[in-house]
Amino acid sequence: MSTVDLQRSEDGPSQSGTTVPSDSAGLLRLFGQMLRIRRAEERVLELLLENRLSSTMCHVSIGQEAVAVGVCDALGPDDYVSSTHRGHGHYLARGGPLVGLIAELMGREAGACRGRGGSMHLVDAAHGHLGSNAIVGGHIPIATGAALWAAVSGQPSVSVVFFGDGASTEGIFHECVNFAAVQSLPVVFVLENNQFAMSLPWSRSTIEPSIAVKASAYGIAGVDVDGQDVMAVRAAAGVAVERARRGDGPTLLGAATYRFLGHSRADPSAYRDKIEEERWKQRDPVVLARRALAVAGAADEAELEALETAIARELDAAVAEAEASPPATVDEAIAGMYATPIGGMR
Amino acid sequence: MSATGTTAGSGAATSARSITYRESIREALIEEMEDDPRVILLGEDVGRYGGAYAVSKGLLEQFGDRRVIDTPMAEAMIVGTALGAAVVGARPVAEIMYMDFITLVMDQLVNQAAKLHVMFGGQLSAPMVVRVQQGTGRGAGPQHSQSLEAWFAHVPGLKTVAPSTPADAKGLLKAAIRDDDPVLFIEHKQLYSRKGDAVGRDHVVPIGSADLKRPGRDVTVVTWSNMVHTALAAAERLAIDGTEVEVVDLRTLAPLDMETVLTSCRRTGRVLVLHEACRTGGLGAEVAAQVGEELYGQLRAPVRRLAAPDIALPANSALERALIPDEDAVVAAVESLLRS
């Protein structure tokens, strides 16, 4: 059996605080999580092709796993995460149950949102995952507000918000980064730059490609990091989370990554340069981590094979459990509209 | 005073303490902040300035800048961070200075706050209040005078209230702060200095309850916010000639208390729906439609609406006054209903 404990992420996020796992065991742990996300999303795409999902709306993060895994590994159990429409990886990296993801996509009661949220609206309150969001940038204030309350109430929680390059050109991004800076809030803004706002390349979204330079305009810390190198992401996130926890304010962390597939199933990515695509795919974060493991001699082929098998089994079990769960119902969805329903609401 | 027995200010018993609408809202904020450390205020100029309409005057001094937060001018951020704070345990009261500015907040209210509880399968909730004021009265023009309440009544997941008296304002604000869903609390700029009965610390008006502000047998006027007072003044005049108008103050615009509305309409058989917002797609259309659906055949006249025309309000007090239904217009509408 592998040395990677696959159940770990079911039990909760890393308790390792801000220590960067420079040891090979740490790398193996992060690799295992990335591989699990990769295989989960591949399975999701299979289920979609087999018409077993309740919606065709599904955005996968294949190619971007190192950002989710590297950042979430730096968090403690009382920290918060807010995420995007491309958020399967953030949800799993934060410790969201696998069956919650699969069942949600299948529209079942066992889903994270009881079959009402779908692919773009995952949530896991038990692990401080405050929901993934389908309005680009619309969730940035949710994480900022969570950080505001942590600061006001004196709790040591740090808030992390994942968002894409597209969100960074929305006004709400500016409003929130500025406010977090003014109030010195414990929030880490993770700009997961997959180079395309749907079809618009980063070079057409901004003429200043550096996130660190953008951060300096707000008077806060900023860093540009290789988003395909999970250890580099982990190190940068560790510094940012520690800064926030000490009360030294927000960080704008830019992670350069790439969406290996189209924006969605309907998108053949005709607007992308095929050579550029190939170049990025040479830097697959899962492959890079696996290579690093080999160099470090941290895991042999048999161990990695065992890891693959364990993930496949876990996925089989999650799909079976999801399919055994009852479908979401209209009555339950209507009854669930309000936290405090008022008689006569129609 | 019971929650449903409130009366308009002018008829207050002499023994009751008198208070303005503005002060009554402030009392609700102070009492809720004293009783619950989770209650915080945030918005533009709510602290040092005391609020653009002086509602939160003195609160910064009393509660400190951790709980009364002056924000940069960024309306979507104000409501969005209130939502984020609410999700993790706060009970924020955000202020948006003018209803017109709420156009900048639509994503946070409509896509985020209203959807959060149901979209996330009940795992999260948003116990937050957005205070906002609207309406005419200052010749403030097309971007500072609109009444946009109907938009929000159209969004499931939001609760919307628009109190007309100091007592209702206090009682509804307390209910809103204690509610576990997002509540839009709509004040009216003409009401801030209006006086009425003061109410005690335990006065809570349940969200979703309309109030009979004046009983009458001949015609029902369904209205809310500042128009309640226009309706009451018209009713006083009509009473001189023996016409008894019943004034139903909706108080809560979502969810509508149609039971109270229908009970009154069934009794009088004649219905006028009155609002300051422009006519087309106004909340009056929904009320009229529901009355028509439920009481077809029991009414003595078609349901009638009286509202502002579909126009961008000019920044000119004289034109403004001419465009908004006044006492004379209500009297004329009631008289025409009585003739039909």
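**Entry 1: domains of chain B**

I began with the domain assignment of chain B, which gives domain 1 (13-197) and domain 2 (211-339). A reminder to myself: this is a predicted model. I then looked up the spacing of the two domains, and their centres, taken over C-alpha atoms, are 26 Å apart.

**Entry 2: where the domains touch**

Next I checked the contact between them. Domain 1 of chain B brings 26 residues to it, and domain 2 of chain B brings 24. Which elements give two or more residues to the domain 1 side? I found helix H5 (149-153), strand E6 (159-161), helix H6 (166-178) and strand E7 (183-188) of chain B. H5(B) has the largest share of that side, with four residues. I also sorted the domain 1 side by class and got twelve nonpolar, eleven polar and three charged residues.

**Entry 3: where the chains touch**

I turned to the contact with the partner chain. Here 42 residues come from chain B and 38 residues from chain A. On the chain B side, the elements giving two or more residues are helix H3 (75-87), helix H4 (106-119) and helix H8 (258-268).

**Entry 4: chain B as a whole**

Chain B has eleven helices and 14 strands. Its C-alpha atoms fill a box of roughly 60 × 45 × 40 Å along the principal axes. How does the radius of gyration of chain B sit with that of a compact globule? A compact globule of 340 residues would have a value near 20 Å, and chain B has 19 Å, so the two agree. I noted that 59% of the 340 residues in chain B are buried. I also looked at contacts in chain B with a separation of 6 or more, and residues 24 or more positions apart account for 80% of them.

**Entry 5: a look at Thr103(B)**

Last, I picked one residue. Thr103(B) lies in the loop between strand E4 (91-96) and H4 of chain B. Why is Thr103(B) classed as partly exposed? I count 14 other C-beta atoms within 10 Å of its own, and partly exposed falls between the cut-offs of 12 or fewer for exposed and 20 or more for buried. I also checked Thr103(B) against Glu75(B): they are 28 residues apart along the chain, and their C-alpha atoms are separated by 9.1 Å.

Key. Residues numbered from 1 in each chain as written. Chains lettered and ligands numbered in written order. Predicted model: local features only at pLDDT ≥ 70, side-chain atom pairs only at ≥ 80, totals over all residues. Domains from an automatic or database assignment. Contact = placed C-beta atoms within 7 Å. Nonpolar A, V, L, I, M, F, W, Y, C, P; charged D, E, K, R; others polar. Rg over C-alpha atoms; globule rule 2.2 N^0.38 Å.
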